[in-house]
Amino acid sequence: MATASELIKTAAQTEDPEARLKLIDAAERLALRSSIVACERCPLHEGAKAPVPWRGGPSPVAIIGEAPGRQEDAEGMPFVGPAGRLLDEALSTVGLTEVTYINSICCRPPENNYKAAEDVGGVEACTHWFLQQLALSRAWIVVPVGNNARA
């Protein structure tokens, strides 16, 4: 897999403007994903198996959740547990297959307690990542789900 720097170098050498933009977009996504995975802005990373950046996109719809659950923490991807699979199926039945999934925080809070994440600064620390993920999703429809999801 190419690094963000390699993608930028390739983009600089590409004459096709559309291909250049796609390479730059891919570089931005890769750099953001790497930054989220390496994040230590709050203590939540200490108990998480894996930070959970977005899944999907760019797409017209972004589904915003609270925080990664057990399955998401294990796989490093949002909305992959039973509820996420059910949501995928429901969206698919209405023809909505291009969706971006983003959590408002990237690391699973202790005992899945969102309030605990807030208390240790996880929500504040992840706002930066959340906004960047939402911008890269290119979504124009934002659907918050869960008790504390925000948009």
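The charged end of Arg33 sits over the ring of Trp54, at 4.1 Å from the ring centre. This placement is read from a predicted model.

Leaving aside residues up to four places away in sequence, Gln133 touches Trp54 along with Leu32, Ile36, Pro53, Ile102, Asn103 and Cys106. Gln133 has 1% relative accessibility and therefore counts as buried, since the cut-off for buried is under 20%.

Among the contacts of Gln133 are Ile102 and Asn103, and strand 2 covers residues 99–103. Tyr101 belongs to strand 2 as well. The count of aromatic pairs comes to 1. Phe79 and Tyr101 form this pair, which is tilted, with 4.9 Å centre to centre and 35° between the planes. The pair links distant parts of the chain: Phe79 is in the loop between helix 4 (70–75) and helix 5, and Tyr101 is 22 residues away from Phe79. Phe79 is buried because its relative accessible area is 12%, and Tyr101 is buried because its value is 3%.

Glu98 is placed in the loop between helix 5 (82–93) and strand 2. Residues up to four places away in sequence aside, Glu98 touches Pro58, Ser59, Pro60 and Val61. To return to the arginine of the opening, Glu98 and Arg33 are 65 residues apart in sequence, and their C-alpha atoms are 19 Å apart in space.

Terms used
Residues are numbered from 1 along each chain as its sequence is written. This is a predicted model: local features need pLDDT of at least 70, side-chain atom pairs count only at pLDDT 80 or more; totals for chains, interfaces and linings use all residues. Side-chain values use heavy atoms; hydrogens and water are left out. Helices (H or I, at least four residues) and strands (E, at least two) are DSSP runs, numbered from the N terminus. Contact means heavy atoms within 4.5 Å. Buried means under 20% relative accessible area, exposed over 50%, partly exposed in between (1.4 Å probe, protein chains only). Rings of Phe, Tyr and Trp (its six-membered ring) pair if their centres lie within 6.5 Å; planes under 30 degrees apart count as stacked, over 60 as edge-to-face and the rest as tilted. A charge sits over a ring if NZ of Lys or CZ of Arg is within 6 Å of the ring centre and within 35 degrees of the ring normal.
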